[in-house]
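Subject: Structure handover

Hello,

Here is the structure we talked about handing over. Please look through it first; my notes on what was found follow below.

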Amino acid sequence: LFKLDGKTALVTGAAQGIGFEIAKALGEAGAKVTIADMNPAVGEAAASSIGAAFEPLNVTDPAAVRTLAQKLDALDILVNNAGIVRNVPSEDISNADWEVVMSVNVNGVFWCCREFGKKMLDARKGSIISTSSMSGMISNHPQPQSGYNASKAAVIHLTRSLAGEWAGRGVRVNSVAPGYTATPMTILGLETPEWRETWLKETPMGRLAEPREIAPAVVYLASDASSFVTGHTLVVDGGYTV
Ligand code: NAD
């Protein structure tokens with residue numbers, strides 16, 4: 001049921017972190033995987049290390065997304081994983097920082113759903129999974145990231161909306177909501193001793209997730225094991241939101 005033999009998958013933002021582990025796990029389940037990332041320097045080596053193909057892509061560019069969708073055969077599985085965060089107090093955040101978070105995390109997800117989804121609808125089959133976040137469900141204080149939280153809430157509701165629109169046409173749309181996960185985003189980008197202490201204290205399991213612990217949830221939603229599941233957000237957060 002969980003096997004993906006003969007299926008094709010594209011994972012955005014998979015040069016590193018959670019996306020890379022998702023690409024690896026989909027490949028191990030049998031899918032033919034393409035990594036699409038705006039960082040070819042890291043992404044090409046990452047893809048070749050797991051036998052995946054690589055395509056350079058900035059998900060904020062709708063024309064580039066359309067060109068890639070036209071270039072590739074119809075996909076069975078699309079994983080919208082590319083995402084960024086800006087930790088700036090809301091009273092101080094610049095227009096540019098606010099807009100880039102929305103552009104990658106919301107617009108980028110939608111452009112990919114629209115362009116790859118169109119081909120899935122034509123083929124009357126497909127599974128779309130977006131990496132949302134527990135930050136789309138709770139306010140995730142004390143970190144100052146209102147834009148990120150709002151963007152991830154948008155992904156969760158976009159998931160429900162597209163699922164409703166496309167449910168009768170063979171395309172399922174779901175999301176996976178990780179809690180704090182040890183990736184370059186968190187470890188290199190956000191971590192301070194105070195925040196790490198807060199993360200560990202507030203996560204009931206008392207640790208961060210490893211990126212490979214997020215990936216199996218995506219494999220489940222990509223596979224026939226979840227054939228009657230659509231519009232759902234599967235939380236993988238060590239109990240943070242309970
Ligand atoms: P990361 O920063 O380690 O990796 C993100 C990847 O996305 C990088 O390879 C980067 O090059 C790529 N990327 C960024 N902008 C892009 C764009 N415009 N077009 C194409 N590729 C782009 O991040 P991560 O921690 O692995 O996060 C992956 C996803 O998981 C994100 O959507 C993030 O919001 C979400 N998430 C992360 C955590 C966490 O604690 N790390 C928790 C919840 C949700």
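How do the residues of the shell around the ligand divide into nonpolar, polar and charged? There are 13 nonpolar residues, 15 polar ones and two charged ones in that shell. Please keep in mind that this is a predicted model, so every value below is computed from predicted coordinates.

Ligand shell

The ligand has 30 residues around it, and those that come nearest are Asp37, Asn81, Tyr148, Thr181 and Thr183. The element that gives the most is α6, with three residues.

Largest pocket

The ligand takes up the space of the largest pocket. The volume of this pocket is about 840 Å³. Its lining consists of 42 residues, and Asn81, Ala82, Gly83, Ile84 and Met185 are the closest to the pocket centre. Two or more lining residues come from each of α1, β2 (32-37), α4 (95-123), α5 and α6. Here α6 gives the most, with five residues. By class, the lining of the largest pocket has 18 nonpolar, 21 polar and three charged residues.

Second largest pocket

The second largest pocket holds about 190 Å³ of space. Among the residues that line this pocket are Thr8, Ala9, Lys32, Val33, Thr34, Glu55 and Asp73. Which elements each supply at least two residues of the lining of the second largest pocket? They are β1 (8-12), β2 and β3 (53-56). The most comes from β2, with three residues. This lining divides into six nonpolar, three polar and three charged residues.

A backbone detail

Most residues other than glycine have a negative phi. Arg124 is not a glycine, yet its phi is positive, at about 55°. Arg124 sits in the loop between α4 and β5 (126-131).

Regards

Conventions: Residues numbered from 1 in each chain as written. Predicted model: local features only at pLDDT ≥ 70, side-chain atom pairs only at ≥ 80, totals over all residues. Heavy atoms only, no water. Near = heavy atom within 4 Å. 1 Å grid on protein atoms, 1.4 Å probe; cavity = no way out; pocket = protein on both sides within 12 Å on 5 of 7 lines; lining within 4 Å. Sits in = over half its atoms within 2 Å of the grid points. Helix = DSSP H or I, 4+ residues; strand = E, 2+ residues; numbered from the N terminus. Nonpolar A, V, L, I, M, F, W, Y, C, P; charged D, E, K, R; others polar. Points joined across faces, edges and corners; volume = space filled by probe spheres on them.
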